[in-house]
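Here are my notes on the model, for your reading beside the coordinates.

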Amino acid sequence: MAPGPNHISHASAVRLQRPVLDAQVHAEMRLPRAPVSAFDVAMQKIIAITDIHITRADQDIIGLDPLERFEQVRDAALIDHSDAVAMVLMGDLTHHGLPEQYDRLRGALSDVPMPVIPMLGNHDRRDAFLAAFPEAPQTPQGHIQSVMDLPHHRIIALDTLDGPPYPKGHHLGRLCPARMDWLRAALDGAAGRIPLVFTHHPPFATGIVGMDLINLTEGAALIDLLAATPGTHLFCGHIHRTISGSSRGVPWTMFKSPCHQGVLDLTDPNSSLSIDEPPAYGLLLLAPDGVVAHSEDVGINAPVYEDTGSATH
Ligand SMILES: [Fe+2]
């Protein structure tokens, strides 16, 4: 099965109100400067933001305002990287999956000048999401999944939300057979491009027990599939921490949230442990032969110094 109806071109991902400049226009607008390396010339950027958790206006999360924190991260990312070719939102867009929460998020995305790829997490609800984002790509079964092709990479965004019906009180992720078949076709159709696969739920254990108890149910099958396509890189959310590693040869990267962060607790089964650490976003640099993943904390306002005592100076 080919990923047809929800195969999105670079120019046709979810766009929000304002006319959008494409990557070519942005490239022409950059100030001229001497190239540093072949990598510098060739790279494209992807902004990756996960676990936004928008609440109602009268709600906070551990004393934090998720909308305010997202706007802070959005602005920081766009100031430095308005030339990114896409912004991927890696699930848990809202805290309770309520229509007004998606409306608040949509408003916060109205001035984002590049295609936005929205994904769903365990805190989301498909109907409410689609009411606010009716143009979002869907599979024939109604899952919010999409493919975006770039010159050297294929971005594959998956939907790991279990339901409907939504199991009350459980937050495990699912990739049903239809979603796995869709992914298999998307990987097969990469045509030599490097697959960059995005899921909300990680398909592996992180050692953070509380979150490992609610990871992806079909994790082993997903790793099997990704391992069969060498060169694939997997990006996940859900844990609210910056973590990297590999599973059976598949490299993966996870990012912090703009809002509340996870705790490095390897024993407590409580999945709701959170900490107020700086908000952050991910920045992917796409080289012709791979990908570099950065995680950038926001709002620290630490000054930059030159270490004049270094032996290299
Ligand atoms: Fe989350």
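1. Beyond its neighbours within four places in sequence, Arg 125 is in contact with Gly 97 and Tyr 166. Contact means that the C-beta atoms, placed from the backbone, lie within 7 Å. Arg 125 lies in the loop between E4 and helix H5 (126-132). Arg 125 counts as buried because it has 21 C-beta neighbours inside 10 Å. The cut-offs are 20 or more other C-beta atoms within 10 Å for buried, 12 or fewer for exposed, and partly exposed in between. Pro 164 is 39 residues from Arg 125 in sequence, yet 8.3 Å away in space, C-alpha to C-alpha.

2. This is a predicted model: local features need pLDDT of at least 70, side-chain atom pairs count only at pLDDT 80 or more, and totals for chains, interfaces and linings use all residues. Numbering runs from 1 along each chain as its sequence is written.

3. An open sheet of 5 strands has the order E4-E3-E2-E11-E12, with mixed pairing. Helices (H or I, at least four residues) and strands (E, at least two) are DSSP runs, numbered from the N terminus; strands pair if DSSP finds at least two bridges between them.

4. E11 (residues 280-287) and E12 run antiparallel, joined by 8 bridges. Leu 286 has Val 291 in E12 as its bridge partner.

5. Helix H8 (residues 219-227) has Gly 219, Leu 222, Ile 223 and Leu 226 buried. They share one side of H8 because they cover an arc of only 100 degrees around the axis, taken from the directions from the helix axis to the C-beta atoms. Their cover includes strands E7 (194-199), E8 (233-236), E9 (243-247) and E10 (250-254).

Technical notes
Contact = placed C-beta atoms within 7 Å.
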